[in-house]
Amino acid sequence: MEQNLNEILRLRRDKLANLQAAGKDPFVITKFDQTHHSMEIKANYDALEGKTVSVAGRMMFKRVMGKASFCNIQDLQGNIQAYVARDSVGEESYADFKKYDVGDIIGVTGEVFKTKTGEISVHASSVTLLSKSLQILPEKYHGLTDTDTRYRQRYTDLIMNAEVKETFVKRSKIIASIRRFLDEQGFMEVETPMLVANAGGAAARPFETHFNALDEDLKLRISLELYLKRLIVGGLERVYEIGRVFRNEGLDTRHNPEFTLMELYQAYTDYHGMMDLTEAMYRRVAQEVNGSMIVTYGENEIDFSKPFERITMVDAVKKYAGVDWTEVKTTEQAREIADKLHVEYEDRHRKGDILSLIFEEYAEKHLIQPTFVMDHPIEISPLTKKKPEDPEYVERFEMFINGWEMANAYSELNDPIDQRERFKAQEAMLAAGDEEANTTDEDFLNALEIGMPPTGGIGYGIDRLVMIMTNSPAIRDVLLFPTMKSLDK
């Protein structure tokens, strides 16, 4: 088999060499005037019948029948058949065409017509070889199914699997829909640094690097938060950014070390305003991208048309774990309850941390429909305003869909004195071994001392949103180039 493959590859290179020797090197061609795409022709056949069009794409099939042949051309939109006859393209061109291989990229100019079987096709008057494929594509009927190869060779995956291409076309539409929605709401898109001295704004371990020119150690950002809030201080009022963030964590079906985050901040509102904005945005995206506010994911139907449920973390733990947390007064009591529920915790974890761990273990999996889980314990929320009536909790929510965290939002902490104390607590956690704790950011504290208005902020994981909207089982299915272990390791 390997011998046959090597022979096929050698023949392709020989064909290229012969073309080049004959002055027909496809790689010297710089352009082709493509007038139409495949689906455009099929959708507008009545207007285009008998008209001359030029299509271009990858030849996925070829059947030679003496003086006439058929081939199938795949482009961005789909595929279309071309009828190539010797009498129409000329003897020399037809002889060349017969030597073309599946996988070659060609341009075809000709008239639109229907074959006797009713298939909309292009009757070629000329065929141009635009690029010679020196490799072979996977066998057509079995396709490319090995997931490791699919992720490593996304280009081949996109060629062989139409549904994969559709997923990434849809991903682009989702991001465009988000941008349109936020632009209409008066938000301004901005860009903030990826290389930072202090990677804050989330509980995550950063990647570290070294900047030779300044001889300084830097980190890749784990969040967009602290710079965007500086812009709120500067008076921009409504800002957002869609960008890559980097977290030095494991790989699984919902985690990749680099992923796309969208964060926005709006002055003069709070976390309730963020809930309203989120409901409206998710409905808009679902309708624009999928044509419905009801989306199928796996075995579940996710309904974005209904009001999203709003429940506190304490009430969720009472509902799903049977524990009334209002009766828990100390960390010791919290640990006793965790032990009874078989929820693991660490020595550094306090009462609020344990509440969050119980919630994750018992409640998250039940939150299939869009749900806002509000009022988190202060221990896990270092950048959030306390609830005035209960300072053990903060004005924060996480949104869950399909049992996954999809968004995280706050009434942002704008008290610089309180913020400094929260940073100190984070520093103590870092010293105790928590590698995901934040460190003090003096410039951010200076910005807060200048003065930040009451502000609502939220972060959305774009990749998980795309997973839901495209019914994709793993985050790697919605990342064009997911992180993979090197083949030589």
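How do the axes of helix H8 (residues 162–184) and helix H10 (residues 271–290) cross, and within what distance do they come?

## Helices H8 and H10

In this predicted model, the axes of H8 and H10 come within 9 Å and cross at roughly 135 degrees.

Sorted by class, the contact of H8 with H10 has eight nonpolar, six charged and two polar residues.

## Helices H12 and H13

A second pair can be described in the same terms, since two packed helices are described by the angle between their axes and the distance between the axes. For helix H12 (residues 331–341) and helix H13 (residues 351–362), the axes come within 9 Å and cross at roughly 20 degrees. Angles under 35 degrees count as roughly parallel, and H12 and H13 are therefore roughly parallel to each other. H12 passes H13 in a left-handed crossing.

In this contact, H12 contributes Thr 331, Ala 334, Arg 335, Ile 337, Ala 338 and Leu 341, while H13 contributes Lys 351, Ile 354, Ile 358 and Tyr 362. Seven of the residues in the contact of H12 with H13 are nonpolar, one is polar and two are charged.

## The two sides of helix H5

Helix H5 (residues 91–99) has three buried residues, namely Tyr 94, Asp 96 and Phe 97. These residues cover an arc of only 160 degrees around the axis, which puts them on the same side of H5. On the other side of H5, Glu 91, Glu 92 and Lys 99 are exposed.

What lies over the buried residues of H5? The elements that cover them include strand S1 (52–65), strand S2 (68–74), strand S3 (79–85), helix H4 (86–89) and strand S5 (120–131).

## The protein as a whole

The secondary structure of the protein comes to 16 helices and 19 strands, and its C-alpha atoms fill a box of roughly 90 × 55 × 50 Å along the principal axes. Of the 489 residues in the protein, 50% are buried. Among contacts between residues at least 6 apart in sequence, 64% join residues at least 24 apart.

Technical notes: Residues numbered from 1 in each chain as written. Predicted model: local features only at pLDDT ≥ 70, side-chain atom pairs only at ≥ 80, totals over all residues. Heavy atoms only, no water. Buried < 20%, exposed > 50% of the residue type's maximum accessible area, 1.4 Å probe, protein only. Helix = DSSP H or I, 4+ residues; strand = E, 2+ residues; numbered from the N terminus. Arc of directions from axis to C-beta. Contact = heavy atoms within 4.5 Å. Axes fitted to C-alpha atoms, helices over the stretch in contact; angles between N-to-C directions. Parallel < 35°, antiparallel > 145°, perpendicular 65-115°, else oblique. Left-handed = near helix turned anticlockwise from the far one by under 90°. Nonpolar A, V, L, I, M, F, W, Y, C, P; charged D, E, K, R; others polar.
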